[in-house]
Amino acid sequence: MKGPLIYYEIKDTYGTDLSSTKLASELRQSVLDDLDLGFNVELDFKGVRSISRGWGRNLIGLIAKEKGYSFVKDHILLSNMSKSVRTTLLEGTEDAVAQ
């Protein structure tokens, strides 16, 4: 991942247990705005205990559906995810892309 990086610490802004699809949609729009300006984005999940499948779908899933998995992989760094958060995020992403 080359270029300038915008950093989001998810826990500090959104909490440790994430289920609000509205908040996920708001974060998605912020991420898309940063990407449109030429930034890469890091989403740091340190301290996040759980996310809902809908939260994952509305955040990363809809970006992957719109721009493709390769774009997400090349421009969005997902760091410090627990195994359960990673699994749920992937399931939500697959849900969005399949629709």
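Two strands count as paired here if DSSP finds at least two bridges between them. Strands (E, at least two residues) and helices (H or I, at least four) are DSSP runs, numbered from the N terminus. With that in place: Val 41 stands opposite Ile 76 in β5.

Some housekeeping. This is a predicted model, in which local features need pLDDT of at least 70 and side-chain atom pairs count only at pLDDT 80 or more, while totals for chains, interfaces and linings use all residues. Residues are numbered from 1 along each chain as its sequence is written, and side-chain values use heavy atoms, with hydrogens and water left out.

I start with the sheet. It is open, has 3 strands in the order β1-β3-β5, and its pairing is parallel. The edges are β1, residues 5-9, and β5, residues 76-79, each of which pairs on one side only. From one strand to the next the twist averages 15 degrees; the axes behind that value are lines fitted to C-alpha atoms, for helices over the stretch in contact, and angles run from 0 to 180 degrees between N-to-C directions.

Now the individual pairings. β1 and β3 run parallel over 5 bridges, and there Tyr 7 has Glu 42 of β3 as its bridge partner. β3, residues 40-44, pairs with β5 in the parallel sense over 4 bridges. Leu 43 stands opposite Leu 78 in β5.

How many residues of β3 are buried? The count is 5 of the 5, so the strand is largely enclosed by the rest of the structure. Buried means under 20% relative accessible area, exposed means over 50%, and partly exposed is in between, with a 1.4 Å probe and protein chains only. Both faces of β3 are covered, with Asn 40, Glu 42 and Asp 44 on one side and Val 41 and Leu 43 on the other.

Next, the core. A nonpolar core is a set of buried Ala, Val, Leu, Ile, Met, Phe, Trp, Tyr and Cys residues joined through side-chain atoms within 4.5 Å. The largest one has 23 residues, and those touching the most other members are Ile 10, Val 31, Leu 43, Phe 45, Trp 55, Leu 59 and Ile 76. Elements giving two or more residues to this core are α2 (21-36), β3, α3 (53-67) and α5 (83-98).

Ile 76 is worth a look. Contact means heavy atoms within 4.5 Å. Leaving out residues up to four places away in sequence, Ile 76 touches Met 1, Val 31, Leu 35, Val 41, Leu 43, Ile 60, Ile 63 and Phe 71.

The expected span of a helix is 1.5 Å times one less than its number of residues. For the 16 residues of α2 that gives 22 Å, and its end C-alpha atoms are 22 Å apart, which agrees. Buried in α2 are Ala 24, Leu 27, Arg 28, Val 31, Leu 32, Asp 34 and Leu 35. They cover an arc of only 160 degrees around the axis, which puts them on the same side of α2; the arc is that of the directions from the helix axis to the C-beta atoms. The face turned away from the buried side carries the exposed Lys 22 and Asp 36. Cover for the buried residues of α2 includes β1, α1 (10-14), β3, α3, α4 and β5. After α2 comes Gly 38, with a positive phi near 95 degrees.

α5 also has 16 residues, and reaches 22 Å from its first C-alpha to its last, close to the 22 Å expected. Its buried residues are Val 85, Thr 88, Leu 89, Gly 92, Thr 93 and Ala 96. Seen down the axis of α5, they fall within an arc of 140 degrees, so they line one face of the helix. Lys 83 and Ala 98, on the other side, are exposed. What covers the buried residues of α5 includes β4 (50-51), α3, α4 (69-75) and β5.

Lys 11 is found in α1 and is partly exposed, at 34% relative accessible area. Beyond four places in sequence, Lys 11 touches Thr 16, Asp 44, Lys 46, Gly 47 and Val 48.

Asn 80 lies in the loop between β5 and α5. Most residues other than glycine have a negative phi. Asn 80 is not a glycine, yet has a positive phi of about 60 degrees. Its relative accessible area is 48%, so Asn 80 is partly exposed.
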